[in-house]
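Q: I'm new to this structure and would like a close look at one part of it. Could you walk me through how the helices pack against each other, and what surrounds that region?

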Amino acid sequence: MLTKRLFLLLYTAVFAIASVFLFVKIQQKSLIIQLDNHNLSAAAYHVTLSKKETIWDVTQTIKKSKNIKNVQIHFQDKKNKHLTYFYGTGSFGVPPMINGNFFGTGTFDSEVEVAVVGKNYEKKLYEPKDQEYLKIDNKYVPVLGVMGDKYSSQLDKQIFIALSIEKSKRLIANNYRIIVDGKKALDKNMLKSVLGAKKVEHLAQRHFLINQDSWILDHFQELLMLFALFGLLVFGVIVWIVSNKRRYRNLLDQGKEPLQLLFEEWEFFALLSGLGTVFGVMAGMFITELTNYIPLLIYNTSSFILINIIYILLLRRRVISMNRGQ
């Protein structure tokens with residue numbers, strides 16, 4: 001019996017560890033998806049202005065607004081998908097950096113434009129002394145830092161430029177694809193009102209759940225494997241009940257009440273499966289780099305509750321059947 005209980009403990013622990021690795025995989029895919037989309041969140045908006053304004057006009061309107069805070073604005077070049085003029089106010093989202101720094105809020109009130117580039121440009125940078133430069137349109141632009149992560153993404157090919165005041169006053173905003181993304185979800189109607197925009201709509205990008213449920217498609221394999229893990233846990237419940245069939249018979253023959261038998265057996269099962277789940281999750285979290293534990297804990301807690309309900313139902317059916325057959 002001790003061997004069986006140890007097996008149940010290890011069985012649940014192994015699948016709990018496996019669930020951690022699957023959630024790490026989901027996290028990695030989600031990060032790559034976000035980096036592929038210029039490090040923009042799924043709540044970002046595509047803005048079309050109703051009148052001719054310069055980039056300076058748009059950024060200053062946002063800066064002076066009391067209702068829109070902590071945002072980043074991307075003015076994406078329609079001819080060169082790798083070039084973006086970047087503006088931020090307050091606390092805005094910052095992409096992962098390999099070296100150097102991203103733009104600070106003071107960067108956007110400068111007479112000199114500066115850049116932050118993806119890691120694919122790292123070997124193309126010119127460094128005469130202590131400052132790196134990237135040659136863009138026959139002009140050397142100072143580079144503050146290099147963006148990127150250990151995973152490959154479209155961000156590796158991007159060039160973000162913080163414009164000089166003079167240049168931002170010359171460039172017409174609607175000549176670019178204007179994307180506004182907040183640290184927290186922005187109010188669409190408020191954004192439209194503040195900017196006097198003709199149209200404000202969510203990004204039509206294939207990777208996000210808000211468009212054709214593609215988040216599910218992007219993580220379909222991992223989600224299937226999570227369902228498979230749960231299925232194997234249910235299989236383990238069935239094997240556990242079948243393997244203890246003789247024990248249940250002996251206890252009933254000795255006069256054990258069916259309800260008491262059900263409760264005592266469930267106590268053992270709940271304790272062992274619970275300990276296995278806790279140990280497995282803790283071990284998995286210790287050896288991986290998971291940053292968001294909430295979905296993992298929800299999944300394992302739900303799985304624990306459901307397999308215990310299934311165990312009680314199946315065991316009750318088995319005990320009643322055996323008791324009637326006495």
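A: Residues are numbered from 1 along each chain as its sequence is written, and side-chain values use heavy atoms, with hydrogens and water left out.

The chain has a mean pLDDT (the predictor's confidence in each residue, from 0 to 100) of 89, and 95% of its residues reach 70 or more. Over residues 205-213, though, the pLDDT is below 50, and this stretch has 26 contacts in the model beyond near neighbours in sequence. Where pLDDT is low, the predicted coordinates should not be read in detail.

Now to the helices. Two packed helices are described by the angle between their axes and the distance between the axes. Helices here are DSSP runs of H or I with at least four residues, strands are runs of E with at least two, and both are numbered from the N terminus. Axes are lines fitted to C-alpha atoms, for helices over the stretch in contact, and angles run from 0 to 180 degrees between N-to-C directions.

Take helix α8 (residues 258-287) and helix α9 (residues 294-324): their axes come within 10 Å and cross at roughly 155°. That makes α8 roughly antiparallel to α9 (angles over 145 degrees count as roughly antiparallel, under 35 as roughly parallel, 65 to 115 as roughly perpendicular and the rest as oblique). The α8 and α9 crossing is right-handed, a word used when the near helix is turned clockwise from the far one by less than a right angle, with anticlockwise giving left-handed. Contact means heavy atoms within 4.5 Å, and the residues that meet include Trp 266, Phe 269 and Gly 274 in α8 and Phe 304, Tyr 311 and Arg 316 in α9. By class, this contact has 16 nonpolar, six polar and two charged residues. Here Ala, Val, Leu, Ile, Met, Phe, Trp, Tyr, Cys and Pro count as nonpolar, Asp, Glu, Lys and Arg as charged, and the others, Gly among them, as polar.

Helix α8 also packs with helix α7 (residues 245-253), at an angle of about 140° and with the axes 10 Å apart. α7 and α8 are therefore oblique to each other, and their crossing is right-handed. Arg 247, Tyr 248, Leu 251 and Leu 252 of α7 make this contact with Pro 258, Leu 261 and Glu 265 of α8. The classes here are five nonpolar, no polar and two charged. Pro 258, Leu 261 and Glu 265 turn up in the α8 contact with α9 too.

Helix α1 (residues 2-36) is where Thr 12 lies. Thr 12 is buried, with a relative accessible area of 4% (buried means under 20%, exposed over 50%, partly exposed in between, with a 1.4 Å probe and protein chains only). Setting aside residues up to four places away in sequence, Thr 12 touches Leu 233, Leu 272, Ser 273, Gly 276 and Thr 277.

For contrast, look at Lys 81, in the loop between β2 (71-77) and β3 (83-89). Lys 81 is exposed, with a relative accessible area of 62%. The C-alpha atoms of Lys 81 and Leu 271 are separated by 56 Å.

Key:
This is a predicted model: local features need pLDDT of at least 70, side-chain atom pairs count only at pLDDT 80 or more; totals for chains, interfaces and linings use all residues.
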